[in-house]
Amino acid sequence: MRRPVLFLDANVYLPCNLKCTYCRSDIIKDANHVQSLSLIEQALENSLDYIDPAVVKMSGYGELTTLPGFERLFNIPNVGFQLITNGTRLSEEQITRLSSI
C-alpha cells in the first residue's frame with residue numbers, strides 16, 4: 001500500500017548554465033556525479049511505488065532544464081509539480097505547458 005504524503009522533494013545534481021554566488025552547484029566537479037534523465041525518472045518511479053505524493057518538488061544543485069527532455073519528469077498523473085529553476089532556458093511554450101501541470 002502506498003503511503004499518502006504531501007511532498008516528495010527530489011534533489012537532483014546537474015550542470016548549470018549560471019554561476020550564482022548562493023548556489024552550491026560547484027560541488028559537482030566530477031561528471032560521474034551528474035544524474036541522467038533516466039536515473040531521475042527511475043528514482044521517481046521507485047519512490048512512487050511506496051508513497052503517493054500530492055506534489056513533487058524538483059530542486060537540488062544545478063539546473064534541471066539542462067537535461068534534454070526534462071519535461072518527461074512531469075508526466076505522472078494526478079501529481080502536482082514544483083520546479084526550482086533559474087528559468088533562463090525555458091521558452092514561452094514550455095512555461096505555458098509547465099504552468100498547466
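At 40% relative accessibility, A54 counts as partly exposed, a class that lies between buried (under 20% relative accessible area) and exposed (over 50%), judged with a 1.4 Å probe and protein chains only. The residue belongs to strand β2, where strands (E, at least two residues) and helices (H or I, at least four) are DSSP runs numbered from the N terminus. Leaving aside neighbours within four places in sequence, A54 is in contact with V5, L6, V79 and G80, contact meaning heavy atoms within 4.5 Å. Although A54 and V5 are 49 residues apart in sequence, their C-alpha atoms are 6.6 Å apart in space.

## Basis of the model

This is a predicted model, in which local features need pLDDT of at least 70 and side-chain atom pairs count only at pLDDT 80 or more, while totals for chains, interfaces and linings use all residues. Residues are numbered from 1 along each chain as its sequence is written, and side-chain values use heavy atoms, with hydrogens and water left out.

## Overall build

The protein has 2 helices and 3 strands, and from the N terminus on its elements follow the order β-α-β-β-α. Of its 101 residues, 32% are buried. Among the contacts with a separation of 6 or more, 75% are between residues 24 or more positions apart.

## The paired strands

Strand β1 (residues 3-13) pairs with β2 in the parallel sense over 10 bridges, where two strands are said to pair if DSSP finds at least two bridges between them. Within this pairing, F7 has V55 of β2 as its bridge partner. On β2 there is also a pairing with strand β3 (residues 80-83), again parallel, which is made by 4 bridges; here the bridge partner of M58 is L83 in β3.

## The largest pocket

The largest pocket has a volume of about 280 Å³. Its lining consists of 18 residues, of which Y22, C23, G60, G62 and I84 are the closest to the centre of the pocket. A pocket is found on a 1 Å grid over the protein atoms alone, as an open set of points where a 1.4 Å probe fits, with protein on both sides within 12 Å along at least five of seven lines, and lining residues have an atom within 4 Å of a point. Grid points are joined across faces, edges and corners, and the volume is the space filled by probe spheres set on the points.

Strand β2 (residues 51-61) gives the largest share of this lining, with 4 residues. By type, the lining divides into 10 nonpolar, 6 polar and 2 charged residues, where Ala, Val, Leu, Ile, Met, Phe, Trp, Tyr, Cys and Pro count as nonpolar, Asp, Glu, Lys and Arg as charged, and the others, Gly among them, as polar.

Q94 has its place in helix α2 (residues 92-99) and is buried, with a relative accessible area of 15%. Not counting residues up to four places away in sequence, Q94 touches F70, E71 and R89; E71 is 23 residues from Q94 in sequence, and the two are 8.6 Å apart in space, C-alpha to C-alpha. A polar atom of the Q94 side chain lies 3.0 Å from the backbone nitrogen of S91.

In helix α1 (residues 37-48) is E41, which also counts as buried, at 19% relative accessibility. Apart from neighbours within four places in sequence, E41 is in contact with R72 and L73.

## Two residues in the loop between β2 and β3

T66 lies in the loop between β2 and β3 and touches L14, P15, C16, N17 and R89, not counting residues up to four places away in sequence. Between T66 and C16 there are 50 positions in sequence, yet their C-alpha atoms are 6.8 Å apart in space. The side chain of T66 also reaches the backbone oxygen of E63 at 2.7 Å.

N78 is likewise placed in the loop between β2 and β3, and it is exposed, with a relative accessible area of 79%. The C-alpha atoms of N78 and D52 are 9.6 Å apart, while in sequence the two residues are 26 positions apart.

Methods:
A polar contact is a pair of N or O atoms within 3.5 Å; within protein, one must be able to donate a hydrogen and the other to accept it, and residues adjacent in sequence count only if both atoms are side-chain atoms.
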